[in-house]
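Work through these exercises with the model open. Try each task before reading its solution.

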Amino acid sequence: MVIVGAKLFCPRPISNGMKEYVTEALVLGLKPYREQDKLADFYTKDLGRLEARVIGGRKMVSKLSPHLDIFNLVTVRLIQKNQFTVTDVIAEERFCFLRGNFKKFALAFKLLFFIRTLIPFLMPDLQLWHSFLRTFKGGYLDFKNFLKILGYDPLLANCQICPE
């Protein structure tokens, strides 16, 4: 068990090769999965980007669904055996200023699509995590900063035709 910041990161084995993780995450997306379940796309502080199954997430009386809105900052408990499964989740912050401003909300969705396209699964990056938090808490949605972090900085690029 390791204490990371004020949150608990707990990769402890349970039984039969299962592991439990408790970590902070940003909800990147949701999609239906089978009849009653959902697949949640998270970017976690400790594990990077991952998809986790939310059992019963499409039911009207689901206790987890209200916390799993897109752009929510959540504390999530995951079980990993063959795939990740969400067992508990609590919304820490909803970033209400994004939801109240249509232009920022639309730009945030573009940024979200951009991020989901470029970020690989299970590759944690603390610089990227802190950039997410600064971006969504501050309300300044900057694509250039994410490009720099991901290694696509145009200032460091070389021309293929001439060596400049």
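**Exercise 1. Confidence**

Solution. Then look at residues 1-6, where the pLDDT is below 50. Beyond near neighbours in sequence, that stretch has 9 contacts in the model. Where pLDDT is low, the predicted coordinates should not be read in detail.

**Exercise 2. Strand pairing**

Find the strands that bridges join to strand 4.

Solution. Locate strand 4 at residues 19-33. Take strand 7, residues 73-80: 8 bridges join it to strand 4, and the two run antiparallel. Now take strand 5, residues 37-44. It is also antiparallel to strand 4, with 8 bridges. Here L30 has A40 as its bridge partner. Finally, inspect the hairpin of strands 4 and 5, which has 3 residues between the strands. Within that hairpin, R34 takes a positive phi near 55°.

**Exercise 3. Nonpolar cores**

Which residues touch the most other members of the largest nonpolar core?

Solution. The core has 21 residues; F132 and F136 touch the most other members. Assign its sources: strand 4, helix 2 (102-118), helix 3 (126-138) and helix 4 (143-149) each supply at least two residues. Now trace F136. Leaving out residues up to four places away in sequence, F136 touches L26, F71, F95, F97, L98, A108 and L141. Apart from this core lies another, of 17 residues, including F42, L50, V76 and F84.

Conventions: Residues numbered from 1 in each chain as written. Predicted model: local features only at pLDDT ≥ 70, side-chain atom pairs only at ≥ 80, totals over all residues. Heavy atoms only, no water. Pairing = 2+ DSSP bridges. Helix = DSSP H or I, 4+ residues; strand = E, 2+ residues; numbered from the N terminus. pLDDT = per-residue confidence, 0-100. Contact = heavy atoms within 4.5 Å. Core = buried A, V, L, I, M, F, W, Y, C linked by side-chain atoms within 4.5 Å. Buried < 20%, exposed > 50% of the residue type's maximum accessible area, 1.4 Å probe, protein only.
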